[in-house]
Amino acid sequence: MMVQSHLALAAFTTLFLVGAPQNPPESKLTIPFVLKRDEWKAGNPFAAYVEMLRLEKEYEADKMWRTTYWEARGTVGGILGDNYEGAKGWNTAFPNVPVRPVLLKTPLSEMKPMNAIDVIANAARTHNWIMLGEEHLKPQTRSIMIPLLNTLWKQGFRTLAVETFEEAAPTLAAQLGYPTYGTGYYTADPVFSAGIREAIRLGYKLVPYEAREQPKEVPEGDTEFRTNFRETLQAKNLKERIWDKDKNAKVIVWAGRAHVLENVPQVPEGESVWRPMASEFKKMTGVDPFSVYLATYVEHSERKFERAEYIWATDRGLVKRPTIFMDKGGKPFGDAFDTQVFFPRTELVQGRPDWMMREMGRRLVAIPDGLVKAQGLQLAQVFGAGEPVTAVPIDQTLIRPGEPVPALMLPRGRKCWVRVLNAEGTENGRADVMAR
């Protein structure tokens with residue numbers, strides 16, 4: 001599944017970020033990530049989701065785009081505040097069910113569950129580069145950003161490099177004090193945006209490092225060439241933009257999925273070899289980063305898709321916060337990475353994930369009366385006082401017909417305003433809100 005995910009991400013980057021043809025001749029449909037892109041950039045990501053729902057049957061029947069459709073739909077659903085939609089999108093796009101033996105014994109039984117932030121902070125005492133790989137479809141994997149940024153700031157970390165950043169976006173975001181829809185595709189998620197807002201507040205230097213170039217020639221038969229071109233250029237950007245300027249810089253690198261893998265995977269002789277960004281950076285600089293993988297041990301849409309270790313640990317109540325398991329010798333649990341984080345199962349409180357309160361310090365606030373209409377799919381969006389709709393919302397949540405209206409999740413003491421959009425993109429109304 002790791003290989004599947006890095007290939008899917010490479011395809012998205014090629015088609016969306018660097019502008020390759022969007023309508024290949026084999027399909028009448030476009031890549032679903034770019035649906036309603038103008039509305040998205042103008043502050044209405046809801047339009048893309050509504051369009052995805054409208055075109056579901058067509059994408060389902062399209063062999064070329066079906067997998068990408070469900071990945072895109074899960075991503076956008078998660079961005080709009082639907083925790084389950086992200087998991088469903090991932091499991092529908094990549095339905096491979098892992099082998100799930102009933103664990104009678106596991107290395108975890110001899111390990112101690114530790115607060116993930118504490119473990120990473122301890123590693124940061126001897127590693128100046130911390131690299132984390134999130135899962136794009138699951139905002140919960142970003143819930144550790146705020147506590148991690150605060151903890152590592154106290155330890156002298158001052159640079160945050162983010163894969164999804166557009167080139168000029170960090171400077172503009174720092175000037176504004178918040179991300180916009182032009183900051184980066186995945187920063188459109190309010191959970192991701194909250195992390196970027198916190199980084200700006202603390203004073204982190206924000207650095208983009210995504211590869212924006214395409215290879216001029218692709219050797220025939222090298223199926224990994226385009227992917228490796230991107231991985232190498234990402235590593236080169238990190239080296240030139242940060243390491244070359246300050247060998248002692250303390251840096252957090254926030255990446256997608258398995259880019260943070262430090263070792264080149266073994267493949268049968270004669271097959272093309274994938275060389276992840278972290279392995280390329282390590283080779284270029286000699287720096288040994290501490291790699292943290294966030295994408296494996298997090299709940300799925302159904303238990304049958306989950307790893308046996310995750311089920312074992314959560315069923316025993318060992319994962320109450322983002323957790324890393326440590327052995328008796330002080331070595332953290334990890335498969336191919338320095339460590340992997342286990343995330344607790346989500347419990348909904350008034351329709352919203354409990355981890356937003358626990359990890360992000362959010363408070364529940366009801367949507368003001370009169371903004372939610374009786375019929376149809378709707379979206380509630382919350383912005384800081386004085387912020388325009390082109391700012392990434394502080395919070396947003398889908399309101400589905402026939403279901404209880406969910407609450408808002410707001411930072412305490414922040415003056416905000418909320419609007420509710422209907423499926424046509426029209427505002428039902430606006431009101432001021434604040435969590436006390």
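The radius of gyration of the protein, taken over C-alpha atoms, is 21 Å, which agrees with the value near 22 Å that a compact globule of 436 residues would have. The globule rule behind this comparison is 2.2 Å times the number of residues to the power 0.38. This is a predicted model, in which local features need pLDDT of at least 70 and side-chain atom pairs count only at pLDDT 80 or more, while totals for chains, interfaces and linings use all residues. Residues are numbered from 1 along each chain as its sequence is written, and side-chain values use heavy atoms, with hydrogens and water left out.

**Overall form**

- Along the principal axes, the C-alpha atoms of the protein fill a box of roughly 60 × 50 × 50 Å.
- The protein contains 14 helices and 16 strands, defined as DSSP runs numbered from the N terminus (helices: H or I, at least four residues; strands: E, at least two).
- Contact means heavy atoms within 4.5 Å; of the contacts between residues at least 6 apart in sequence, 71% join residues at least 24 apart.

**Surface and charge**

- The accessible surface, from the Shrake-Rupley method with a 1.4 Å probe, comes to about 18600 Å², and 50% of it belongs to carbon and sulfur atoms.
- There are 56 positive and 53 negative side chains, and the centres of the two sets lie 5 Å apart.
- Lys and Arg count as positive and Asp and Glu as negative, without His and the chain ends; each charge is placed at NZ of Lys, CZ of Arg, CG of Asp or CD of Glu.

**Interior**

- Of the 436 residues, 57% are buried, where buried means under 20% relative accessible area, exposed over 50%, and partly exposed in between (1.4 Å probe, protein chains only).
- A nonpolar core is a set of buried Ala, Val, Leu, Ile, Met, Phe, Trp, Tyr and Cys residues joined through side-chain atoms within 4.5 Å.
- The largest such core has 67 residues, and those touching the most other members include Ile 130, Leu 132, Leu 152 and Trp 254.
- Helix α7 (residues 116-123) gives this core its largest share, six residues.
- Another core, of 24 residues, lies apart from it, with Ala 235 and Leu 261 among them.

**Two individual residues**

- Gln 140 sits in the loop between β2 (129-134) and α8 (145-154), and is buried, with a relative accessible area of 3%.
- Beyond its neighbours within four places in sequence, Gln 140 is in contact with Val 298, Glu 299, Phe 343, Pro 344, Thr 346 and Trp 355.
- Glu 60, in helix α4 (residues 56-60), is partly exposed, with a relative accessible area of 31%.
- Not counting residues up to four places away in sequence, Glu 60 touches Arg 66 and Trp 70.
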